[in-house]
Amino acid sequence: MNTTVEFTLDIPCVWSYFAFARLRRALDRFRADGGRTQIVFRPYQLSPEATAAGELKTEVLRRAFGGDPADAVAEITARAAEEGLEFRHERAIFSNTFEAHRLIGVAAAQGRAEEMVERLFRAHHTDELNIADVEVLKGLAAEAGVEWSDEGADATRRELDRVRGSGVRGVPVLRFGGRPQVSGALPEEEFLAALRESAAPRPAVHTPVDGADLAALRRLVTDIEDGFNGKRAAILDRPFAADAVVVVPDGTMIRGWDDLFAYHTARLAGPVADWRTRVTLLDAVSPSPGTAVLHLRQETTGPDLAFANHGTVVAVRRDGAWWIGALQNTNVA
């Protein structure tokens with residue numbers, strides 16, 4: 001039983017924390033039964049205008065809801081206790097969460113995303129720490145077993161823009177195994193059911209892709225051809241998802257949009273600067289809703305060479321748009 005979970009969240013959001021706690025309990029049960037899954041965390045900022053210095057969370061609540069927030073804080077603290085969580089919000093600092101989201105991305109690259117998210121939630125909601133303070137974050141990273149890095153700011157900005165551009169206006173939002181997204185802190189049993197359902201094997205039905213989907217998939221192929229011939233990595237890589245995995249013709253595996261863009265930027269300015277290519281979509285089939293497998297033929301010419309290779313693309317539809325999630329170049333004509 002294998003599946004994936006996409007979890008869009010923000011750290012100061014109590015409902016994101018509740019959803020995370022319930023999901024982890026569901027995951028413990030799912031994994032105890034032999035299930036395997038990975039959580040992919042997506043960033044969202046409730047208040048992107050918040051400062052790094054921050055302010056007392058009670059003052060933010062006072063402005064948002066008017067009057068004394070003490071009763072609301074007491075109520076949410078009691079609900080947290082029912083979840084097995086300890087909330088202390090009297091001196092909690094509400095601050096900008098950009099650096100926290102960037103750190104989650106760093107942790108994900110090290111296979112420690114779940115641990116990092118849990119520690120950040122607890123730092124804000126229990127320990128009343130300022131999770132925008134870099135020194136605080138360095139300490140939290142060490143506690144979660146994450147090696148500190150200053151990288152990932154640009155990727156985090158792009159992902160924040162992509163998430164907001166997809167229409168998300170509140171958190172938490174979860175998606176199990178590519179199925180339609182669900183919102184809110186659902187009960188643990190519902191999360192467990194979603195994990196099991198998304199991991200259940202489905203019969204492989206490869207249906208032809210046509211209509212608007214086929215037109216959209218052809219545009220992905222056109223971007224690859226136009227970007228290569230125009231020597232513009234931004235166009236060549238435009239169809240690729242942020243977490244795409246690409247195997248280039250020499251067998252090198254590239255993971256993630258940033259590394260792919262760096263590879264193509266250097267490649268287009270150097271060894272292939274005088275080459276031109278033609279990319280043909282041979283066929284497109286859909287093994288499951290929201291997924292398409294494309295077979296491509298790429299014919300490339302240069303001043304003193306001419307060759308062709310085939311490629312296989314796995315495209316995924318996310319938030320109404322098609323993206324290349326994986327590409328394998330066979331380097332066989």
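**Group meeting: a glutamate, a crossover and a helix**

Touching, or contact, is heavy atoms within 4.5 Å.

Before I go on, this is a predicted model, where local features need pLDDT of at least 70, side-chain atom pairs count only at pLDDT 80 or more, and totals for chains, interfaces and linings use all residues. Residues are numbered from 1 along each chain as its sequence is written, and side-chain values use heavy atoms, with hydrogens and water left out.

So, is Glu6 buried or exposed? Glu6 counts as buried because its relative accessibility is 17%, and buried means under 20% relative accessible area, exposed over 50%, partly exposed in between, with a 1.4 Å probe and protein chains only. Its side chain also makes a polar contact with the side chain of Arg42, at 3.1 Å. For a polar contact we want a pair of N or O atoms within 3.5 Å; within protein, one must be able to donate a hydrogen and the other to accept it, and residues adjacent in sequence count only if both atoms are side-chain atoms.

Glu6 sits in strand E1. Helices (H or I, at least four residues) and strands (E, at least two) are DSSP runs, numbered from the N terminus. For instance, Val5 has Ile39 as its bridge partner in E2. To get from E1 to E2, the chain goes through helix H1 (residues 14-32), and this β-α-β crossover is right-handed. That is, with the strands pointing away from you, the path from the first strand over the helix to the second runs clockwise.

Residues 257-269 make up H11. Which of its residues are buried? Those are Trp257, Leu260, His264 and Leu268. Seen down the axis, the buried residues of H11 fall within an arc of 60°, so they line one face of the helix; the arc is that of the directions from the helix axis to the C-beta atoms. Ala266 and Ala269, on the other side of H11, are exposed. The cover over the buried residues includes helices H7, H9 and H10, plus strands E8 and E9.

Last, the whole chain: 11 helices and 13 strands, with 47% of the 333 residues buried.

Definitions and conventions. Two strands pair if DSSP finds at least two bridges between them. The expected span of a helix is 1.5 Å times one less than its number of residues.
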